[in-house]
Amino acid sequence: MSLAYAECPQDVRDSLAAQYFVDAIRDEDTQHATRLMDAKDLKAALAYSMKYEAAKTVSKTSRNLRSIEIEDGTLKEKDKKFDCLLEILEKLLNSHVARKKTARRNPNMTCWKCNKKGHLQRECQTI
């Protein structure tokens, strides 16, 4: 657009680019909706057409979906397995936190921020 319409102002070139983009859309519904939106630049036209296509796709797929509820013994077994895994993860997390708290530090370490001994810069309490 910059080379083809070099003598035109930027806003005119943006408008022409948006119009050419809308003309190139193959889907008639999307083209019509984007044209009615009257985008002033290419970015707005592209964003609107993508939102329109996404909404149209979602509305097509959501009509065909139905909720199905199945009750059998497998759901209870899965809940027990999930609870067991959750307990194991909590134990691992607690042991990891406990290890961090009881980690032995060299008392001769010097903080690079406050130049005091006994802690590192990431643990420094001075502002």
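Here are some questions and answers about the labels used for this structure.

This is a predicted model, so local features need pLDDT of at least 70 and side-chain atom pairs count only at pLDDT 80 or more, while totals for chains, interfaces and linings use all residues. Residues are numbered from 1 along each chain as its sequence is written, and side-chain values use heavy atoms, with hydrogens and water left out.

Q: How many helices and strands are there in the protein?
A: Four helices and zero strands, and from the N terminus on the elements run α-α-α-α. Helices are DSSP runs of H or I with at least four residues, strands are runs of E with at least two, and numbering starts at the N terminus.

Q: Why is K56 called buried?
A: Buried means under 20% relative accessible area, exposed means over 50%, and partly exposed is in between (1.4 Å probe, protein chains only). K56 has a relative accessible area of 17%, so the buried label applies. This lysine is found in helix α3 (residues 42–63).

Q: Which residues does K56 touch, not counting those up to four places away in sequence?
A: D27, D29 and T30. A contact here means heavy atoms within 4.5 Å.

Q: What are the buried residues of helix α2 (residues 28–37)?
A: They are T30, Q31, A33 and T34.

Q: Why do the buried residues of α2 line one face of the helix?
A: Seen down the axis of α2, they fall within an arc of 170°, so one face it is. The arc is that of the directions from the helix axis to the C-beta atoms. On the other side of α2, E28, H32 and L36 are exposed. As background, an α-helix has 3.6 residues a turn, so residues three or four places apart point the same way.

Q: What makes L85, I88, L89 and L92 a nonpolar patch?
A: Patch residues have over 30% relative accessible area and no salt bridge; nonpolar side chains (Val, Leu, Ile, Met, Phe, Trp, Tyr) are joined within 5 Å, like charges within 9 Å. A salt bridge is a side-chain nitrogen of Lys or Arg within 4 Å of a carboxyl oxygen of Asp or Glu. These four form such a patch on the surface, with about 400 Å² of accessible area together (Shrake-Rupley method, 1.4 Å probe; for residues, only the protein chains shown count as cover). L92 is found in helix α4 (residues 73–101).

Q: How much of the protein is made up of buried residues?
A: They make up 13% of the 127 residues.
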